[in-house]
Amino acid sequence: MHTRTLALAAATALAATGLTLPIAATASAAPAAAPATPLAADFNGDGYDDLFVGVPSATVGGKAKAGAVSVVFGGEDGPGPHSVRRITQATVEVPGTPEAGDRFGGAVVAAHVDDDKYADLVIGAPGEDLSDSGSAADDDKTDAGSVTVLYGTGDGFALANTAARGAKSQDAYGNALVAADFTGDTDVDLAIGGKDQIVGNFNPLAADTKPLMSDRMGGRAPVMTTGDFDNDGLDDLALGYYTKNQPYTQSHIRLYGWNKDEGSMGNFWNNSNGAANALAAGDFNGDGFDDLALGDCREIADENIDDPCGPEELTKGGAIHIRFGDANGSFGWEQQTFNQDTAGMPGVAETGDGFGDALAVADIDADGHDDLIAGAPGEAIGGAAKAGSVTVLKGGEMGLLDPAGAANAGTVAYQQNSPGILGVAEAGDLFGAALAFGDHNGDGARDLSVAAPGENSAAGGVWDLPGAKAGGSVVTPNSIGLPVSLDPPAYGAVLGH
């Protein structure tokens with residue numbers, strides 16, 4: 001095992017961020033034993049999950065919004081005091097060249113593509129210009145987009161390859177990414193968001209993509225997650241998108257699964273007229289079947305049908321709508337809907353809160369019921385508009401609500417004015433805009449990453465909360481020595497998962 005270290009200019013960084021961080025050792029001991037199963041985001045194989053952040057607005061070599069990915073290696077003291085790697089298209093291993101507007105890091109996901117113990121980093125660059133000739137001087141596919149796989153090694157990273165190239169201008173391949181085993185062959189597959197389409201790569205070792213679905217998506221990246229929603233033992237793709245007046249208004253949540261007979265992904269469930277800003281899968285009631293959480297769920301296209309996101313009054317401030325899996329394959333018949341006005345829920349539902357705009361799932365207390373973390377980046381804290389908050393919702397036998405319809409005991413909210421949370425809640429921080437989980441300190445518990453991309457005039461930052469509880473540390477561009485540029489990095493706006 002290699003121990004990576006980084007000497008941080010702590011006093012300078014803290015003064016610049018306005019935050020108080022604990023002083024940590026510059027080196028850390030490896031865990032007593034490496035985990036039997038490789039960690040999801042351990043890129044250097046040292047037994048600690050690593051924090052990875054897409055920074056698509058980063059300036060590289062004077063090229064505005066060329067984009068970068070920041071990898072902050074985990075260790076005994078969590079992410080930050082150990083080692084950091086900044087990856088761009090100027091990095092030796094990475095294909096391509098930094099160009100203005102590439103937005104490299106527009107989406108990032110970890111996956112074990114080559115089946116070794118090192119996690120690999122999958123990176124989208126939706127603004128990448130491409131050429132059929134292969135000549136950088138002959139670009140003829142503007143914003144076609146691309147996806148790169150960068151392979152982990154004991155020293156951090158090694159070789160890379162291109163996993164997707166947009167077929168035409170404005171395809172924007174890589175504006176969203178998920179990784180899973182859709183086909184059941186034990187190899188990693190990718191679902192890649194593009195403009196008005198999603199393509200699949202069932203062999204990420206090559207740039208071989210196949211259409212999965214296409215529809216008008218309003219110019220937005222599709223919202224995606226994965227889980228086994230039809231109980232066939234294979235990962236399925238959940239996706240959401242909507243349009244307004246382009247040329248018609250529509251909104252959809254859809255599930256796609258692998259059809260072995262046809263050798264392709266097929267649509268098997270729909271929630272028409274419902275839209276969500278985030279999706280997450282988990283077993284919230286502990287029955288062994290995957291459930292789907294729809295964050296900030298609301299109706300876009302009103303066609304006088306039953307409310308697709310539950311009771312309409314619960315959509316104020318952002319509704320979280322749960323569709324439960326079940327043994328007979330009738331996915332989604334059992335439902336729960338709640339917002340910040342639900343009994344036992346911290347806070348008050350207010351227009352613009354964005355409750356559920358970001359979601360993350362883990363069984364924090366190891367009780368057999370997955371817990372759901374919901375970001376509300378638009379939440380006002382005192383007089384600070386859009387300061388943001390996160391709510392940790394406990395799973396239980398009936399899901400995320402108890403028999404009386406209230407939030408389960410132990411549900412708690414955090415914001416920057418909460419005891420033990422570093423910093424101060426300020427207008428525009430957007431605390432909770434992105435969320436992720438990883439065991440960054442190697443103690444076997446899941447640590448919650450909370451992004452606040454508006455922190456310090458959009459410099460941004462990511463809070464590491466060990467065990468999803470108050471405490472921990474903060475990673476900011478200054479604290480890890482990222483280059484200063486005129487473009488605010490909004491660090492944390494794209495959080496790897």
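The accessible surface of the protein comes to about 18,800 Å², and carbon and sulfur atoms account for 50% of that area. The model is predicted. Its secondary structure consists of two helices and 29 strands. The radius of gyration is 21 Å, close to the 23 Å that the globule rule gives for 497 residues, so the protein is as compact as a globular protein of that length. Along the principal axes, the C-alpha atoms fill a box of roughly 55 × 55 × 45 Å. Of the 497 residues, 57% are buried. Among contacts between residues at least 6 apart in sequence, 55% join residues at least 24 apart.

**Nonpolar cores**

The largest nonpolar core has 20 residues, and the members that touch the most others are Ile 373, Leu 435, Phe 437, Leu 448, Val 450 and Trp 463. Two or more residues each come from strand S21 (358-362), S23, strand S25 (434-438), strand S26 (447-451) and strand S27 (462-465). S21 gives the largest share, three residues. A separate core of 19 residues includes Phe 284, Ile 320, Phe 324 and Val 361.

Beyond its neighbours within four places in sequence, Leu 448 is in contact with Ile 373, Leu 435, Ala 436, Phe 437, Trp 463, Asp 464, Leu 465 and Ala 468.

**Aromatic pairs**

The count of aromatic pairs is six. In one of them, the ring centres of Phe 431 and Trp 463 lie 5.5 Å apart with the planes at 90°, so this pair is edge-to-face. Phe 431 sits in the loop between strand S24 (412-414) and S25, while Trp 463 belongs to strand S27; the two are 32 residues apart, and the pair links distant parts of the chain. Elsewhere, ring pairs join Phe 43, Phe 52 and Phe 157 into a cluster.

**Ser 389 and its surroundings**

Ser 389 lies in strand S23 (residues 389-393). Not counting residues up to four places away in sequence, Ser 389 touches Ala 374, Gly 375, Ala 376, Glu 379, Tyr 414, Gln 415, Phe 431 and Gly 432. Phe 431 is thus a contact of Ser 389 and a partner of Trp 463 in the edge-to-face pair.

| Residue | Relative accessible area | State |
|---|---|---|
| Ser 389 | 5% | buried |
| Phe 431 | 0% | buried |
| Trp 463 | 1% | buried |

Ser 389 counts as buried because its relative accessible area of 5% falls under the 20% cut-off.

Key:
Residues numbered from 1 in each chain as written. Predicted model: local features only at pLDDT ≥ 70, side-chain atom pairs only at ≥ 80, totals over all residues. Heavy atoms only, no water. Helix = DSSP H or I, 4+ residues; strand = E, 2+ residues; numbered from the N terminus. Buried < 20%, exposed > 50% of the residue type's maximum accessible area, 1.4 Å probe, protein only. Contact = heavy atoms within 4.5 Å. Core = buried A, V, L, I, M, F, W, Y, C linked by side-chain atoms within 4.5 Å. Phe/Tyr/Trp six-rings, centres within 6.5 Å; stacked < 30°, edge-to-face > 60°. Rg over C-alpha atoms; globule rule 2.2 N^0.38 Å. Areas by Shrake-Rupley, 256 points an atom, 1.4 Å probe, with all protein chains shown as cover.
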